[in-house]
Amino acid sequence: MAFQLGASSSSLSSSPSIHPHNYDVFLSFRGKDVRYKFISHLNRALHQSGIKTYMDGVDLERGEQISSKLFKAIEESRISIIVLSKNYAASKWCLDELLKILECKKTFKQIVLPIFYEIKPSDVRDQRGSFGKAFTKFGKKIKDDIKLLEYWKEALEEVAKLSGLEYTAFGDDESEFIQNIIRWVNSRILNQIPLCVATYPIVIESRIRDIYQHLSLERNDIVQMVGIFGIGGIGKTTFSKDIYNRISSQFEGSCFLSNIRENSKRGGLIKLQEILLFEILGEKLGIYDAYRGVNVIQDKLRCKRILLILDDVDELDQLKKLVGDRTWFGLGSRLLITTRNQQLLKIFEVDSKYELMLLDDNEALRLFSLHAFKKEEPLDEYVELSKQVIKYAQGLPLALTVLGSDLKDQSIHQWEIALDKYKSIPHKDIQSVLQISYDDLEDNEKEMFLDIAFFFKGEPLANIKKIFDSCNFFPDYGIDKLIKKCLITIEDKNVWMHDLLQDMGREIVRLESPLEPGERSRLWFHKDIRGVLEESSGTNKVAGMIIEMPEGEDAISLDPEAFVQMKRLRVLINRNASFTSGPNYLSNELRVLDWFEYPLQSLPPNFRGKKLIIFQMHSSFIGDLNFSKCFIKFKDMTIMRFHDCNSLTKVLDLSGVPNLRDLYVERCTSLVEVHDSVVSLENLIHLSFLGCSNLRIFPTSLKLRSLQVLNLSGCLSLRSFPEIQCEMKSLSTLNLGSTAVEELPLSIENLTGLQFLYLNSCRNLMRLPISIILPLQHLRKLRIGGCTNLLKKMGDDRQSILTIESPTMEDEISSSEEQLQGLAPPTNSSNGSSELEMLNRHNSFQSKSKFFPTSSFFTMFNFSLTLTQLDLSGSEIVSLPTSIKGFIALIELYLRDCKKLEEILELPPNIKLVYAYECQSLERFPEVSRILEFNGSHIRSLQYIELDGCDKMHEKIWNYKVPNPLLWKVFGHAII
């Protein structure tokens, strides 16, 4: 199989309508060639993958007309796959299909994938070979219609130029070829899956044209920044999601950053920067500082035409850190900001502002009716009652949605009772209107709603359910009830509610005791909390407390006895407050204990914590905790996090926490030892000791079948990696970056599901075992840059372990051909031949060494079909091997600081980004020469080559005679 490179770019469309897609894929093919073999297999595989496919089941005789039904199916498909076989052009049916598909590509931006089945693209383009003979023979039969023949010829030339796939019966494995098609289709469909907007987005169309004028989508020579503002609950998020769904596919990358106001408080701007880059680039970048993140965004996106929507911005700093300047993004980019604060848009100097207005009475009645009656008008007997609801809601979409859902399926008498309640509430008091839905809940449901409003908005649903279940709130039923009442939503497995509903919950609790905060069930307002804790005025009624102090507030002078009366306290979260002293009592009813800067080295002596589910300490003085000494096991605890706790020296026996799922001990710089009991935690999914720079003693073996992520990055003192005592196929991510690990064990072969391996800056790593070959077969990202000792001859065996000291890597490959036994590059197959081949290679090396030579690195691994990112920065390679072109999935290649690198002769066929910063010896790079000579690359996917600090290349480029000598300078030491 070979990929024909290149892809056509689509221009922005100013049409505000969304074309309906009833099918994911339309299959166009010549039945007599492929129907009962390749197409039947492909169609079945597409259906098995959940891809809705249209395949016509009729073979028309030559000359018959294509049906309108078939044309309609083409128009309603996201993707058309055209299987061009030798007799395809001998069918009027097929050629008419081709014309229609190309028309839909132009009109509806339909995605088209040509498959050249046992023919070459050039045969289609030039009508040569068996394909050309069939077309010529067919053309003679309709020679009178010269115009139609010309249309068909032009269509064949056009489709031959598109990025497609070639299949040859003798060289390709059909099942693997089909799986590549499935992966290709799935990736395109995933990018086109729209955001969830609204159940009844009835007013979108009446306003969408206005925002299109503000966006100026027809212009690709500017970066346009538009702000949408309005009161809470008016539909800014719904509106911007709809815009995103309509136009996101027309950009090189897109990202919808939702709930920025809330998420910036929860995870900080660093997390939002990481999400932004991941959504657009498809990779997770470790950003540890928001200011560095600014530079990363600018560096990565300055050449990309992107769509970025920032939803619910409330601070200027959020804009500065996420979209600081238009120059951060490529020409043609569009940036859309939603906020309640119009002044924020003025200060940030957006290009255009758009105010989203309240609904008029007709729009409001229609929206309310759809939720209450599932039709656009109320039932006759409910008309007057519906008008009363509209009057109270005052055009706010959120209120109309909630009240419509609340009154749905209720009798007229029940409506009248509800409206009587509304009449006692001021019209302008939207909060009180929303409370009607709350008042209809059962007691347990009210408790859950208030807990979410105070403590758990934006938190994972699974964690919330476990907490509620331990409180006997019956969350499976209650959460579903809250969703149906439109009081909460589930997005990406997290629980959310609108700000107005959150404010409603807070007001309900405030009214429990307006004058005595200590008599309320929950506390969140910082002044109330300060008074309660400094004056010890809390009572047994307090069930939860979340502390968020304004910046610059003094430390709370905590009375050590402040929590003594709060015996029902279930949730205690301190986000950022400092305390002058610590508590001498905490409730044993606590399910969540999350304390920033906990001031003591131990928890109060009374505290047993047997009901704890989430235990988190940040920047705290907490010392070593030994859960095995407790008589009662912490059977409910699933999450334990310690961040920046520099008094923590040991993670002691955790056998008393058998159901722990997530263990994060990060940036605890005094941590030295981790107890062996960690390996007995059978339910552990995430294990991280990131940044624990003094960690030296770690379990010598691992047997964690459920573990998915193991992160030891930044453990500078960790010299050995544990043996893997069982198959850990769930482990997909292993991060050993910047550790002192010297060698990986042979048992690394038990990590059979590994997809992401980070070994960057492992300066003590001497060699890699041959047993690592099998785990790398599914690898998608590999980072080994900065592993300086991997680049030297090791031990007495004098084998080069991932090392290049010969003039070219090809020299080493040549010298080890006998060892490789002439094996061809591996291929994935369903019959197990790939596994057998890899086993043969394993055995051929095992007799001589337990470690493999560098020469085999680019030829032994199946990850050439899966690897998307390769980092070889800091290596001593002299020549990048030409076999790199076999890495067909690779899109990013990092060769920074390769001081001895002299030549890059070939690049992978689908590469997008090449970073060769500070390669001071680099002087031969044919692809750069082609770019300068022909003003473009033959690799159509190539977007960026970084050559900053490559002095010899700079000299060549400046002396190169090209039509545009400013090309190099304009792009800041980058080509493309």
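This is a predicted model: local features need pLDDT of at least 70, side-chain atom pairs count only at pLDDT 80 or more; totals for chains, interfaces and linings use all residues.

**Exercise 1. Work out how helix H12 and helix H13 pack: at what angle, and through which residues?**

Two numbers do the describing for a pair of packed helices: the angle between the axes and the distance between them. For H12 (residues 290-301) and H13 (residues 316-323), the angle is about 45° and the axes are 8 Å apart. That angle makes H12 oblique to H13. Now pick out the contact residues: H12 brings Ala290, Tyr291, Val294 and Ile297, while H13 brings Lys320, Lys321 and Leu322. Sort them by type and you get five nonpolar, two charged and no polar residues.

**Exercise 2. Classify the ring pair Phe26 and Tyr54: what are the centre distance and the plane angle?**

There are 28 aromatic pairs in the structure. In this one the ring centres are 5.6 Å apart and the planes are at 10°, so the pair is stacked; the cut-off for stacked is under 30 degrees. Place the residues next: Phe26 is in strand E2 (residues 23-28) and Tyr54 is in strand E3 (residues 53-54), so the pair ties together parts 28 residues apart in sequence. Both Phe26 and Tyr54 are buried.

Now try Phe38 and Tyr117. Their centres are 5.0 Å apart with 45° between the planes, which is a tilted pair. Phe38 belongs to helix H1 (residues 31-48) and Tyr117 to strand E5 (residues 111-117), so this pair links distant parts of the chain, 79 residues apart. Phe38 and Tyr117 are both buried.

**Exercise 3. Find the surroundings of Leu336: is Leu336 buried or exposed, and which residues is it in contact with?**

First locate Leu336, which sits in strand E10 (residues 334-339). Its relative accessibility is 2%, so Leu336 counts as buried; the cut-off is under 20%. Leaving aside neighbours within four places in sequence, the contacts of Leu336 are Leu215, Val226, Ile228, Ser240, Ile243, Leu308, Ile309 and Leu310.

**Exercise 4. Examine helix H24: which of its residues are buried, and what covers them?**

Go along H24 (residues 526-535) and you'll find His526, Asp528, Ile529, Arg530, Val532 and Leu533 buried. Their cover includes strand E14 (522-523) and strand E15 (544-547).

**Exercise 5. Compare the backbone at Glu349 and Glu597: what is phi at each?**

As background, most residues other than glycine have a negative phi. Glu349 has a positive phi, near 60°; Glu597 has a positive phi too, near 55°. For location, Glu349 is in the loop between helix H14 (342-348) and strand E11 (352-355), and Glu597 is in the loop between strand E17 (592-596) and strand E18 (614-618). Last, accessibility: Glu349 is exposed at 59% relative accessible area, whereas Glu597 is partly exposed at 27%.

Methods: Residues are numbered from 1 along each chain as its sequence is written. Side-chain values use heavy atoms; hydrogens and water are left out. Axes are lines fitted to C-alpha atoms, for helices over the stretch in contact, and angles run from 0 to 180 degrees between N-to-C directions. Helices (H or I, at least four residues) and strands (E, at least two) are DSSP runs, numbered from the N terminus. Angles under 35 degrees count as roughly parallel, over 145 as roughly antiparallel, 65 to 115 as roughly perpendicular and the rest as oblique. Contact means heavy atoms within 4.5 Å. Ala, Val, Leu, Ile, Met, Phe, Trp, Tyr, Cys and Pro count as nonpolar, Asp, Glu, Lys and Arg as charged, and the others, Gly among them, as polar. Buried means under 20% relative accessible area, exposed over 50%, partly exposed in between (1.4 Å probe, protein chains only). Rings of Phe, Tyr and Trp (its six-membered ring) pair if their centres lie within 6.5 Å; planes under 30 degrees apart count as stacked, over 60 as edge-to-face and the rest as tilted.
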